[in-house]
Amino acid sequence: MTATTKSDAPRPSTTPPAPDEEQSSQFQKYVRDIMGGSAVLSVLAVVIALVVGAVLIAVTDPGVQAASAYFFGRPSDTLTAIWSAISGAYAALFQGAVYNFGAADFLSGIKPLTDTLTDSTSLIAAGLGIALSFRIGLFNIGGQGQILAAAACAGWVGFTVHAPFPLLLILALLAGLFGGAIWAGIVGFLKAQTGANEVIVTIMLNFVAFYLVSYLLKVPVLQAPGSTNPQTPPMLPGAIFPPLLGPNYLVTVGFLFVVGATVFLWWLLNRSSLGFQFRAIGDNPRAARTAGINVNRLYVYGMLISGALVGLAGANQVQGVITTGFSSGIDSGIGFSAITVALLGRSKPWGVFGAGILFGAFQAGGYTMQAAQNVPVDIVLVVQSVIVLFLAAPPLVRKIFHLPTPGSTPKPKQKKSAPESAPKAEIVQKEGAAQ
Amino acid sequence: MKLELRGITKRFGSLVANDHIDLVVNPGEIHALLGENGAGKSTLMNVLYGLYQAEDGEILLDDEVQHFAGPGDAMNAGIGMVHQHFMLIPVFSVAENVMLGHEQTRFGGTLDLAAARRQVREISARFGFHVDPDALVGDLPVGVQQRVEIIKALSRDARVLVFDEPTAVLTPQETDELMVIMRQLKAAGTSIVFITHKLREVREVADRITVIRLGRVVGEASPTATNTELASLMVGRAVELTVTKDAATPGAPALVVDKLSVIDVDGQIVVNNVSFDVKAGEILAIAGVQGNGQTELAEAILGLQAKVTGEIVLDGVSLRDKSVRGVLNAGVGYIPEDRQQDGLIAEFTIAENLMLDRADGAPFVARGSLRLAYLADFAAAKLREFDIRAQGIATHVGRLSGGNQQKVVLARELSRTLRLFVAAQPTRGLDVGSIEFVHTRIVETRDAGVPVIVVSTELDEVVALADRIAVMYRGGIVGIVPADTDRDILGLMMAGDTPDSIAKQKGAAA
């Protein structure tokens with residue numbers, strides 16, 4: 001009988017094993033928790049971080065230290081020193097990141113702002129990619145590996161293919177997007193096929209990418225001919241992103257691409273069918289599956305697009321930032337900063353854009369701060385880290401500022417009584433029904 | 001022990017869950033706390049048990065004011081709680097579970113398991129519980145596990161016992177046994193608070209009934225009150241408990257399930273060789289105690305189960321090897337058992353949830369883009385048609401009440417052209433008004449000529465809706481019987497007896 005032969009072959013498994021589903025849903029819950037906060041929380045986290053930074057600036061400042069030696073004799077000296085240290089440092093940060101008031105004219109005064117845009121370009125691109133992965137409920141922390149893979153692909157095309165200007169630029173850029181997409185796509189594929197935990201796989205692929213690129217830099221694949229340094233030859237002129245605002249500013253058309261990527265991601269998530277499904281599996285994969293959405297296939301699609309966006313950062317690094325040939329440090333830690341950027345931007349495209357600009361400003365202004373005020377640039381790192389700390393602990397920020405917990409009704413322990421936690425609508429409904 | 005609650009008020013934000021509730025439970029009395037889900041019963045009991053702190057009011061035991069900072073204080077004061085979801089550790093033995101939390105130790109900190117065993121035997125003998133102290137809790141039937149919970153509470157000298165929806169997980173027979181136990185406890189002088197929304201049980205066992213609605217005490221009733229009187233107190237209006245429906249006009253068999261088996265992720269056979277058919281324009285109810293394979297059977301039809309053998313044929317087309325998408329496209333509508341986990345995305349708006357199972361094509365998607373204007377019109381229309389009480393279509397579904405959430409699911413599923421409708425626990429946790437609405441819609445779907453499967457653990461619902469009833473037990477179908485089958489027989493079938501064997505027993509008895 002055909003029925004029996006058929007029944008011998010069970011339906012092919014479409015689900016990853018259950019225990020992993022449990023685990024990753026824990027993760028997803030946590031990520032959702034972080035993302036669920038309002039923009040206010042993001043702003044407050046930045047404020048707290050700046051305050052912590054100010055304290056550090058004050059206590060490490062030599063002037064403050066000198067004045068505090070006779071604090072009880074003349075406390076005003078100490079306070080003045082603290083004020084001048086903090087205000088000097090943050091003023092320098094501002095001048096280095098936004099507008100240089102000491103400049104001769106407006107066009108040179110605005111240069112710091114364009115530097116901020118330059119420094120934020122890769123951060124935003126990578127942040128968008130990470131944000132997309134968060135939105136589908138995957139914790140992609142493989143930004144480093146994806147940037148390296150993208151940089152290797154874009155770079156290789158950029159210094160080997162002899163093609164005229166706009167064509168080579170586009171080819172190299174596409175190669176970069178492809179490299180990032182494949183590197184992240186592997187993760188999505190493994191997740192979908194085997195239920196592998198994406199956190200572990202992305203971390204491991206960071207190492208694989210790093211050592212693979214390091215190796216390729218020592219053999220004539222990526223290594224500059226005739227050189228013994230683990231470094232590539234410079235990009236061909238046709239592959240280099242041209243300056244956006246003329247030769248006086250560093251900012252390139254790469255920034256335009258990033259603006260385009262932000263618009264694209266906004267459209268994808270808020271207006272497209274695919275993005276709708278991404279958000280569905282990110283918020284509740286079980287309901288999405290029950291509604292006929294192929295969760296596993298979407299994990300692959302999502303990671304491919306996420307990787308391509310991170311790949312844009314990789315391409316920008318080699319085609320826009322370091323065009324004279326790169327080494328295995330080309331990612332400059334952007335892969336990890338991008339996680340912070342995505343969290344600070346609440347994984348919303350324009351939020352990520354703003355957070356990327358902020359971090360770009362920290363980076364651009366940090367050096368000015370060090371040069372002008374002798375404040376160690378590490379303070380900026382501390383500020384960034386404190387932001388992460390507070391973003392990862394929304395309840396802490398709420399506690400500090402006495403904010404109400406969202407949906408502050410404590411959840412009753414049992415499912416049956418769940419309606420009791422949100423019965424406002426129910427009351428209305430019942431009264432209505434009673435009529 | 002006399003328990004008195006005076007003016008208990010508990011707020012969650014702007015919501016008043018308990019509004020100056022007064023309650024007196026006399027020694028040796030079974031006091032039923034009756035109310036719909038969401039009326040505030042569980043909140044009140046959590047206040048009593050020290051899990052929540054009341055904003056206002058006081059708790060008195062034998063006329064002494066108590067202050068409970070946590071369940072520990074409440075237990076020490078003599079209050080015991082039998083939770084709806086048992087707070088037992090399955091891999092521990094009965095004695096170990098009973099001693100958990102107030103372990104007696106001997107010299108050197110070794111556990112005095114023997115004392116716990118003695119205690120279990122002693123209490124068990126006193127009330128005729130027949131519980132073996134060395135049995136692993138995980139191996140015991142649900143009804144016996146509940147007795148372990150009772151023993152646990154009694155071992156701590158509880159003189160006020162709170163039963164929170166104790167019959168939700170029991171078969172009718174086990175429910176009857178529980179009633180006997182409650183009467184025994186009462187005879188021994190224990191005061192009992194019995195929380196439920198099932199009218200029949202209340203009238204059977206309670207001495208006094210307090211009805212709670214929307215966080216307030218709306219009245220007291222005696223057990224002699226009729227079902228209709230009690231129900232109208234609960235919901236504030238007269239309701240019909242039975243579903244008005246015409247006789248079914250079944251057509252040809254539309255869904256044919258043949259020798260269907262399902263193996264779960266742990267390798268257990270959860271549905272075992274099940275065969276049945278559902279005719280067009282007929283409601284087949286699948287009854288049974290929770291966890292006897294009904295859930296998995298429904299999921300298997302929808303393509304949500306990975307390992308399925310046998311055959312599922314709808315209108316001549318096999319569904320067995322189709323993806324969930326394919327099954328939905330074949331015209332199957334589905335109300336999942338757990339609407340919050342499987343049916344809805346809480347963070348999505350009502351409109352977004354309404355398009356959830358048609359997210360990749362017409363009518364909501366054109367050339368890859370969402371048709372937001374169309375969706376808005378559609379959602380607004382469904383809001384009216386299904387009487388979904390919300391501020392608007394952009395309200396997040398997580399903010400809706402259970403009844404309105406279920407209406408969203410119902411609206412979504414019934415908006416497609418259906419060839420089969422599967423509703424799993426369609427009214428679980430809903431208030432009476434919403435139950436009526438859902439039932440009416442299900443019957444309307446049947447009358448439109450669609451074959452309907454209703455999976456339910458509530459016997460009342462099964463009897464009210466079904467044209468035929470299939471009873472499941474341990475993954476198999478015990479029998480398929482007409483809707484007018486005697487409830488006692490259905491109860492026995494839910495405990496695993498086949499209709500034939502029941503008839504034989506009856507014959508032997510007569």
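Helices (H or I, at least four residues) and strands (E, at least two) are DSSP runs, numbered from the N terminus. Residues are numbered from 1 along each chain as its sequence is written, and chains are lettered from A, with ligands numbered from 1, in the order in which they are written. The model is predicted: local features need pLDDT of at least 70, side-chain atom pairs count only at pLDDT 80 or more, and totals for chains, interfaces and linings use all residues.

**Exercise 1.** Determine which residues of α13(B) are buried and which are exposed.

Step 1. A residue is buried if 20 or more other C-beta atoms, placed from the backbone, lie within 10 Å of its own, exposed if 12 or fewer, and partly exposed in between.
Step 2. A379(B), K382(B) and L383(B) are the buried residues of α13(B). They fall within an arc of 105° seen down the axis of α13(B), so they line one face of the helix.
Step 3. A373(B), R384(B) and E385(B), on the other side of α13(B), are exposed.
Step 4. Just after α13(B), D387(B) has a positive phi of about 55°.

**Exercise 2.** Describe how α14(B) and α15(B) pack.

Step 1. Their axes, lines fitted to C-alpha atoms over the stretch in contact, are 10 Å apart at an angle of about 15°.
Step 2. Angles run from 0 to 180 degrees between N-to-C directions, and those under 35 degrees count as roughly parallel; therefore α14(B) is roughly parallel to α15(B).
Step 3. Residues are in contact if their C-beta atoms, placed from the backbone, lie within 7 Å. Among those making the contact are L410(B) of α14(B) and F437(B) of α15(B).

Technical notes
The arc is that of the directions from the helix axis to the C-beta atoms. Angles under 35 degrees count as roughly parallel, over 145 as roughly antiparallel, 65 to 115 as roughly perpendicular and the rest as oblique. Two residues are in contact if their C-beta atoms, placed from the backbone, lie within 7 Å.
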